[in-house]
Amino acid sequence: MCRSTITVHNSIYPRKKMKSPICSTSSDEDEYENSAGLEPYCWWRSSAEKFKLECAMLKLYNNLPNVAGLTPRLRVLRELERLALVANEGINDFRQKLVTYRSGDFWMPTGGVPKEKTDIPPVITILLVGFSGSGKSSLVNLMYCVLGRSGLVPFAQTSSGNSPDYTSMFLEEHNVLRSLRSGFCVYDSRGFDYEQMSENIEELSSWMNEGVHHNQLCLRSGDYLLRKDEIEVLMSRSSSKFERRRVNCAMVVANIAEIYKAYKAGNYKPMDAIKELYSSPAFKKCIENPILILTHGDMLSTEERIEGRIKISEWLNISETSGVYDIVCLTEYGFIAEDSDPVSAYALTEAIYRALIISDRAHLPKRSFLDWTILVLSWVMCFIAAFFAFLSEICSKLSNSGGKLKL
């Protein structure tokens with residue numbers, strides 16, 4: 001599929017003037033009604049009559065100065081139409097921005113601290129987290145397809161074709177651009193278990209606070225069934241010699257089909273679990289909420305897919321449009337999303353672009369010698385305070401027990 005490249009200045013969206021299906025005239029309604037069957041990736045247009053009515057409502061609200069009256073469903077449709085409008089030609093611009101990106105390119109001067117005195121890592125690290133079967137590894141493979149032009153080579157092993165209970169035992173670093181000069185990397189993590197939320201949060205906190213490295217082993221309490229020789233093989237593959245990365249931004253990957261079907265059946269455990277994960281204090285070190293990626297939406301009907309997105313957003317108390325992306329990794333025939341589903345491909349590149357902007361906004365000033373001196377002195381003072389508190393406790397116990405100190 002051949003697409004022209006558009007030059008964009010100071011904007012994350014193409015400036016090419018195009019007709020918007022949201023603000024189109026009434027003469028365009030038949031065009032969108034007919035296109036509902038010609039563009040299979042525009043799944044929200046599956047009901048032509050209902051979509052035609054909703055388009056008319058969107059145009060009515062867009063002619064008003066205040067669009068706050070839009071229902072959640074219309075806001076979702078408005079966002080999907082935006083993606084469809086810019087997907088085909090905007091993806092080349094985004095891809096070019098990501099290929100040429102270097103860590104700190106999106107840094108903005110704040111607080112009077114110059115860039116050279118800002119602690120910017122050599123590589124920005126994006127961490128994918130989610131429950132088992134949520135599609136993290138499939139999302140990584142899609143990144144390779146769309147950004148690395150790698151075709152359908154599976155760089156990340158998924159549960160597809162294996163046991164449905166398959167889960168990677170390691171953290172894996174992926175250079176999805178397949179470039180030696182790439183300014184960012186993506187980490188695929190081991191899927192969490194709905195039944196072990198406290199352990200999940202503890203492990204997530206260690207990744208966010210201590211950093212991650214390639215082939216980092218993730219052993220959990222449920223792995224006691226592994227044989228001794230299997231554990232030895234896993235330990236031999238894991239190596240701390242890989243460079244440890246500081247996590248700059250996180251993406252929470254959620255299986256919308258699994259969560260929605262459980263919710264409709266009266267099982268709120270997946271919904272509660274994704275809320276606890278998304279709201280984890282471990283993410284507070286980031287300046288914004290994690291980016292939410294909804295996968296497996298193609299396993300739902302159109303109405304279920306939209307309702308599921310709205311329900312999950314309401315449950316997490318976040319906007320159903322900002323920072324939320326509905327991405328289908330591969331079609332049922334195994335086609336690359338860029339050719340068969342440009343909306344998903346564009347949404348993926350926009351999500352990565354947003355993650356890099358968030359990361360570059362969160363860089364802190366470098367510590368000076370004075371800062372380190374104050375930090376060491378504070379540690380020493382804390383140690384002295386703890387020592388005297390210990391002595392005070394001993395003296396208090398001796399006094400209460402009637403003991404006497406002899407001179």
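Which residue stands opposite Cys185 in strand 3? The residue is Thr125. The model is a predicted one, in which local features need pLDDT of at least 70, side-chain atom pairs count only at pLDDT 80 or more, and totals for chains, interfaces and linings use all residues. Residues are numbered from 1 along each chain as its sequence is written, and side-chain values use heavy atoms, with hydrogens and water left out.

Begin with strand 3, which covers residues 184-188. Strands (E, at least two residues) and helices (H or I, at least four) are DSSP runs numbered from the N terminus. Two strands pair if DSSP finds at least two bridges between them. Strand 1 (residues 124-130) runs parallel to strand 3, and five bridges join them. Strand 2 (residues 170-174) pairs with strand 3 in the antiparallel sense, over three bridges. Here His174 has Val186 as its bridge partner.

In a regular strand the side chains alternate between the two faces of the sheet. In strand 3, Phe184, Val186 and Asp188 point one way, while Cys185 and Tyr187 point the other way. Buried means under 20% relative accessible area, exposed means over 50%, and partly exposed lies in between (1.4 Å probe, protein chains only). Five of the five residues of strand 3 are buried, so the strand is largely enclosed by the rest of the structure.

Cys218 counts as buried because its relative accessibility is 1%, and Cys249 is buried because its relative accessible area is 3%. A disulfide is a pair of cysteine sulfur atoms within 2.5 Å, and the structure holds zero of them.

Next comes helix 11 (residues 342-361), which contains Tyr346. Tyr346 has a relative accessible area of 0% and is therefore buried. Tyr346 and Asn92 are 254 residues apart in sequence, but 9.0 Å apart in space from C-alpha to C-alpha.

Helix 11 also supplies at least two residues of the lining of the largest cavity, as do helix 3 (72-99), helix 9 (302-316) and strand 7 (324-326).
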